[in-house]
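Look over the model first, then read on.

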Amino acid sequence: MLLQAAKFIGAGLATIGLAGAGVGIGTVFGALVIGISRNPSLKDELFKTAILGFALTEAIALFSLMMAFLILFAL
């Protein structure tokens with residue numbers, strides 16, 4: 001019973017990284033909008049950089065979710 005409770009607490013704490021990833025994605029696309037509004041001619045290059053930032057930030061979220069599932073369902 002205590003082990004199951006510890007797993008739930010650990011999985012809940014592991015999902016805190018998902019909130020950080022949400023903030024990071026918002027920051028990336030907010031900076032994209034500001035950058036395009038300041039210099040529209042760099043739209044394509046800024047978009048490529050923003051997609052790279054989105055992918056890396058989303059990878060952190062997926063790692064966080066994977067750790068939560070490993071804590072819950074591993075031995």
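## Terms and model

Contact means heavy atoms within 4.5 Å. This is a predicted model, where local features need pLDDT of at least 70, side-chain atom pairs count only at pLDDT 80 or more, and totals for chains, interfaces and linings use all residues. Residues are numbered from 1 along each chain as its sequence is written, and side-chain values use heavy atoms, without hydrogens and water.

## Threonine 57

Threonine 57 sits in helix α3; helices are DSSP runs (H or I, at least four residues) numbered from the N terminus. Its relative accessibility is 17%. It therefore counts as buried (under 20% relative accessible area, 1.4 Å probe, protein chains only). Beyond neighbours within four places in sequence, threonine 57 contacts Ala21, Gly24, Ile25 and Val28.

## Serine 64

Serine 64 is also part of helix α3. Serine 64 is buried, at 10% relative accessible area. Not counting residues up to four places away in sequence, serine 64 touches Ala14, Thr15, Gly17 and Leu18.

## Helix α1 against helix α3

Helix α1 spans residues 2-14 and helix α3 residues 43-73. Their axes come within 8 Å and cross at roughly 175 degrees. Axes are lines fitted to C-alpha atoms over the stretch in contact, and angles run from 0 to 180 degrees between N-to-C directions. So α1 is roughly antiparallel to α3 (over 145 degrees).

On α1, the contact uses Lys7, Phe8, Gly10, Ala11 and Ala14. On α3, Ser64, Met67, Ala68, Ile71 and Leu72 take part.

Note on methods
Helices (H or I, at least four residues) and strands (E, at least two) are DSSP runs, numbered from the N terminus. Angles under 35 degrees count as roughly parallel, over 145 as roughly antiparallel, 65 to 115 as roughly perpendicular and the rest as oblique. Buried means under 20% relative accessible area, exposed over 50%, partly exposed in between (1.4 Å probe, protein chains only).
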